[in-house]
Amino acid sequence: MTPNQRHPGPCRASDCHRLCCTKVENFCVTLGNKKIFQDVNLHIHCGELTALIGTNGSGKSTLLKSILGEVRHSGTLEYLDAKGKRSGNPLIGYVPQYLNFDLSTPTSVFDLFMACLTRLPAWLFAPGNLRRRVGQSLEKVKASHLIDRRLGALSGGELQRVLLALALEPVPDLLLLDEPVSGIDKNGLELFYTIVSDLRRNYDLSIILVSHDLDLVARYADRVVLLDNTILCNGTPEEVFADERTRKIFGMRLGPQ
Amino acid sequence: MLECWYSLCDVVLPFSWLGHAFMKNALLAVLLVTPLFGLLGTMVVSNRMAFFSDSLGHGAFTGIAIGALLGGIQPLPAIIVFSIFFAVLITVIKNKSRISTDTIIGVFSSTAIAIGLMIMSQGGSFSKFSTYLIGDLLSIAPDEIAMLCGVFVGVLLLWLVIFNSLLVISINPSLAASRGFNTVAMEICFAVALAVVVAISIQWVGLLIINSMLVLPAAAARNITVNVRQYHFYSVLFAVFSGVTGLIFSYYWNTATGATIVLVAAILVFLTFAVRSRISI
């Protein structure tokens, strides 16, 4: 796929005949009296890493939660596979920003996987074949050594990779990643972006990533969306970072150019 | 059925403290109810619901008063019905409102206890209810033991079905929702199970310490475990151990059984806490 095909510019309805895609149409969320965002339209294609950027409180995490269906919203979410056969609600994998669980909780990485993947009671036994499956799943994110660690004992980067592996089990149509604002060192972030970038190619995944690291976005994202009450700017990293509005909002001298 | 248990006790445990039938009844009740406290307690502690389970005791207390007010019905059905209503009400409001959970529980808990105390103290008759504050395990009757068996099986089956969902919800509700777990329904199931166990136990354990029975064994188990299987195993083990040991001690010391059980459980928490700092996990 040439870069041009991967970045088809403004989306037309006809795009969906060639590639599987997820369409977010006219999303609008109001909490109390406050409009968090409105008129959000996004077309996300397979194999595309879309980075969502914006200031704190611009509604990035809320957009992910409304796509998940957890926050009440107006507008429609539609999924079409490559042959246009299967449509409707996409299977969504989600990596939350914060877990906010009790750090001393005696729950291992394997326990979390088992509770998500089977109906067998995780407090009673740990089947060997499931252990192997979880091990393979963790291998994809270079985290198979963490299988018996307590969740609370993981570093920010390790936890993020474990949650990524969990979101990929089963392989979703759409992967939503909400990156933590802090708590992950630069090396951890770099590793995470490399893994996500590889996954996108290997599994032909549609990915929406809320990101706070503009350098990494510039290097790894296929498309960047600037959100501030609505979508201000949508295009390739070069286009978006060259845009006047992006520069105004982040007040920056950006690296990539 | 109970005769089998009596002869089993005489053969396997020929101790003097088990000589009386009421002690054999109490032992059986302890063996049935403490594992439930151990199981449910794991999630109470992991979800930071200690205040919620405490309020369930207050709800049950009001149930007793309402049962007495209605006169005709037995106290137990009234306690169970009111406790379930109370637990579901708090869970639903907690999920609908953006007020902090602690505040909501505090409001309902104090309202419940105020209503209960008003009804009970009306006409100066409070003293006959004071047994519910401390509880009396030795007074348990054979038909109540039969009901405990039913609750034991019910909670065990429920725990087999809903535990996985509860675990994921306790880690992150959004993650649980993204994986298709019905978070509110599961929370209500758990709240109802807790309410039933608290409601039936309150007359034997007592309002003042019933919450400790839920919290302490799990708190002790957390100190020395790293995964949910160990956590459950030790929590149930500690609950049963403190139940049986407390029962024996209370017989010889002539103290309130519930309080003695809680004291043993509290000692276990301190001991495991001391061990925890040595083995770093």
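Strand S6 (residues 92-95) of chain A runs parallel to S7(A), and four bridges join the two. Welcome to a short tour of a predicted model, in which local features need pLDDT of at least 70, side-chain atom pairs count only at pLDDT 80 or more, and totals for chains, interfaces and linings use all residues; side-chain values use heavy atoms, with hydrogens and water left out. Residues are numbered from 1 along each chain as its sequence is written, while chains are lettered from A and ligands numbered from 1 in the order in which they are written.

Helices (H or I, at least four residues) and strands (E, at least two) are DSSP runs, numbered from the N terminus. Two strands pair if DSSP finds at least two bridges between them. Buried means under 20% relative accessible area, exposed means over 50%, and partly exposed is in between (1.4 Å probe, protein chains only).

**Strands of chain A**

- In the pairing of S6(A) with S7(A), A:Val95 has A:Leu177 as its bridge partner.
- S7(A) also runs parallel to strand S8 (residues 206-210) of chain A, joined by five bridges, and here A:Leu174 stands opposite A:Ser206.
- S7(A) is mostly covered, with five of its five residues buried.
- On one side of S7(A) the buried residues are A:Leu174, A:Leu176 and A:Asp178, and on the other they are A:Leu175 and A:Leu177.
- Strand S1 (residues 21-31) and strand S2 (residues 34-45) of chain A pair in the antiparallel sense over eight bridges; A:Cys21 has A:His45 in S2(A) as its bridge partner.
- S1(A) and S2(A) form a hairpin with two residues between them, and A:Gly32 in the turn has a positive phi of about 65°.

**Backbone points worth a look**

- Most residues other than glycine have a negative phi, and most peptide bonds are trans.
- A:Asn26 has a positive phi near 55° without being a glycine; A:Asn26 belongs to strand S1 of chain A and is partly exposed, at 45% relative accessible area.
- B:Arg48, also not a glycine, has a positive phi of about 50°. B:Arg48 sits in the loop between helix H2 (21-46) and helix H3 (50-70) of chain B, and counts as exposed at 55% relative accessibility.
- The peptide bond from A:Glu169 to A:Pro170 is cis, with omega near 0°, and A:Pro170 is in the loop between helix H5 (156-167) and strand S7 (174-178) of chain A.

**Chain B as a whole**

- Chain B has twelve helices and zero strands.
- The radius of gyration of chain B (taken over C-alpha atoms) is 19 Å, close to the 19 Å that the globule rule gives for 281 residues, so chain B is as compact as a globular protein of that length. That rule is 2.2 Å times the number of residues to the power 0.38.
- Along the principal axes, the C-alpha atoms of chain B fill a box of roughly 55 × 55 × 35 Å, and 53% of the 281 residues count as buried.
- H7(B) has 30 residues and reaches 41 Å from its first C-alpha to its last, close to the expected 44 Å (1.5 Å times one less than its number of residues).
- H7(B) has a kink of about 50° centred on B:Ile162, where the bend is the angle between axes fitted to the seven residues ending there and the seven starting there.

**Aromatic rings**

- Rings of Phe, Tyr and Trp (its six-membered ring) pair if their centres lie within 6.5 Å; planes under 30 degrees apart count as stacked, over 60 as edge-to-face and the rest as tilted.
- Over all chains, the structure holds eleven aromatic pairs. One of them is stacked: the rings of B:Phe82 and B:Phe86 have centres 6.2 Å apart and planes at 25°.
- B:Phe82 and B:Phe86 are four residues apart in helix H4 (residues 75-96) of chain B, which means about one helical turn separates them, and both are buried.
- The pair of B:Trp159 and B:Phe190 is tilted, with ring centres 5.7 Å apart and planes at 40°.
- B:Trp159 lies in helix H7 (residues 142-171) and B:Phe190 in helix H9 (residues 183-205) of chain B, so the pair ties together parts that are 31 residues apart in sequence.
- B:Trp159 is buried at 1% relative accessibility, and B:Phe190 is buried at 2%.
- In chain A, ring pairs link A:Phe192, A:Tyr193 and A:Tyr220 into a cluster.
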